[in-house]
Amino acid sequence: MKKICSLLVLCATVVFASCSKDDPVTEPVPEGITVTTYDALLDALQTGGTSADAPTLITLGGNITIPAGGDYDTPPINGSGHFKIDGGGHTMTWEDGNNYHFLGNFSPDADAVYIELTNINLVQQDIKSAVCVINGRITLGKDVALNGQYENMILASGEKAALELGDGCELSYTTDRSYCVSVWNGATLVLNGGKTAAGAYID
């Protein structure tokens, strides 16, 4: 991810949209699955849904810690496709240290990944991204709170990537930083009913 972070920041396009172990999971689960451990989460993330209308639905049943480990070429912890993660009001924390585990993808040639997050607290204090998409879309929905120290904690980068603030999203940071979400290198920012809270910004 260090290479991504070092890219020059280019202008982003802004679009205003109208809004009105458990056994490994090998197929999307229409009724959803509740996970309470990292291993169960990892299993559930291996196969995404086929569309935004039929995503793999995952609900956190408790706080989950993403363990440190990996290297610069470590693949994302998810497969391709569509995912909707409801945090259930819980927290997903990236363990401090050399933690290269992330949601999304890191190549424009990778299969597209679409990740929607709602009702969740994300904590990542390292410079590496917690959620990064180079081909696909990150959607932040209602009750998403971010606690990070670097601007690329949530990152959409490149012309095949988009960050959406969905209906009900009021993006806020539970940290003294004014921003830890970035839309870089020609990625698209979609304002679909969402907004930033007072004092919160997008880089």
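Colleague: Before we start, what should I keep in mind about the numbers?

Modeller: It's a predicted model, where local features need pLDDT of at least 70 and side-chain atom pairs count only at pLDDT 80 or more, while totals for chains, interfaces and linings use all residues. Residues are numbered from 1 along each chain as its sequence is written, and side-chain values use heavy atoms, with hydrogens and water left out.

Colleague: Let's begin with strands. What is the order of the open sheet of 4 strands?

Modeller: Some ground rules: helices (H or I, at least four residues) and strands (E, at least two) are DSSP runs numbered from the N terminus, and two strands pair if DSSP finds at least two bridges between them. Here the order is β7-β10-β13-β16, with parallel pairing. The edges are β7 (103–104) and β16 (181–184), each of which pairs on one side only.

Colleague: How many bridges hold β7 and β10 in the parallel sense?

Modeller: There are 2 bridges between β7 and β10, the latter covering residues 131–133. If you want a spot to look at, L103 stands opposite V131 in β10.

Colleague: And which strands pair with β5?

Modeller: Strand β3 (residues 56–60) is one of them, running parallel to β5 over 4 bridges. T56 stands opposite F83 in β5. Another is β8, parallel to β5 and joined to it by 6 bridges; the partner of H82 there is Y114. As a general point, side chains in a regular strand alternate between the two faces of the sheet.

Colleague: On to charges. How many salt bridges does a search of the whole structure find?

Modeller: The general idea is that side chains of opposite charge can pair when their charged atoms come close. The rule is a side-chain nitrogen of Lys or Arg within 4 Å of a carboxyl oxygen of Asp or Glu, and the search gives 2 salt bridges. One joins R137 and E164, with the closest N and O atoms 3.0 Å apart. That pair links distant parts of the chain, R137 being in β11 (residues 136–140) and E164 in β14 (residues 161–165), 27 residues apart.

Colleague: Are R137 and E164 buried or partly exposed?

Modeller: R137 has 28% relative accessibility, so it is partly exposed. E164 is at 11%, so it is buried.

Colleague: What about D126 and its partner?

Modeller: D126 forms a salt bridge with K128, the closest N and O atoms being 3.1 Å apart. Both D126 and K128 are buried. K128 has another contact to look at: its charged end sits over the ring of Y100, 4.8 Å from the centre. That label needs NZ of Lys or CZ of Arg within 6 Å of the ring centre and within 35 degrees of the ring normal.

Colleague: Which aromatic pair does Y100 form?

Modeller: Rings of Phe, Tyr and Trp (its six-membered ring) pair if their centres lie within 6.5 Å; planes under 30 degrees apart count as stacked, over 60 as edge-to-face and the rest as tilted. The count is 2 aromatic pairs. Y72 and Y100 make an edge-to-face one, 4.9 Å centre to centre with 70 degrees between the planes. Y72 lies in the loop between β4 (64–66) and β5 (81–86) and Y100 in the loop between β6 (91–94) and β7, so the pair ties together parts 28 residues apart in sequence. Y72 is partly exposed at 43%, whereas Y100 is buried at 10%.

Colleague: Why is the pair of F102 and F106 called tilted?

Modeller: Because their planes are at 45 degrees, with the ring centres 5.9 Å apart. F102 is buried at 1%, and F106 is partly exposed at 35%.

Colleague: Last one: where does N185 lie, with its positive phi?

Modeller: N185 is in the loop between β16 and β17 (188–191). Its phi is about 55 degrees although it is not a glycine, and at 13% relative accessibility N185 is buried.

Key
Buried means under 20% relative accessible area, exposed over 50%, partly exposed in between (1.4 Å probe, protein chains only).
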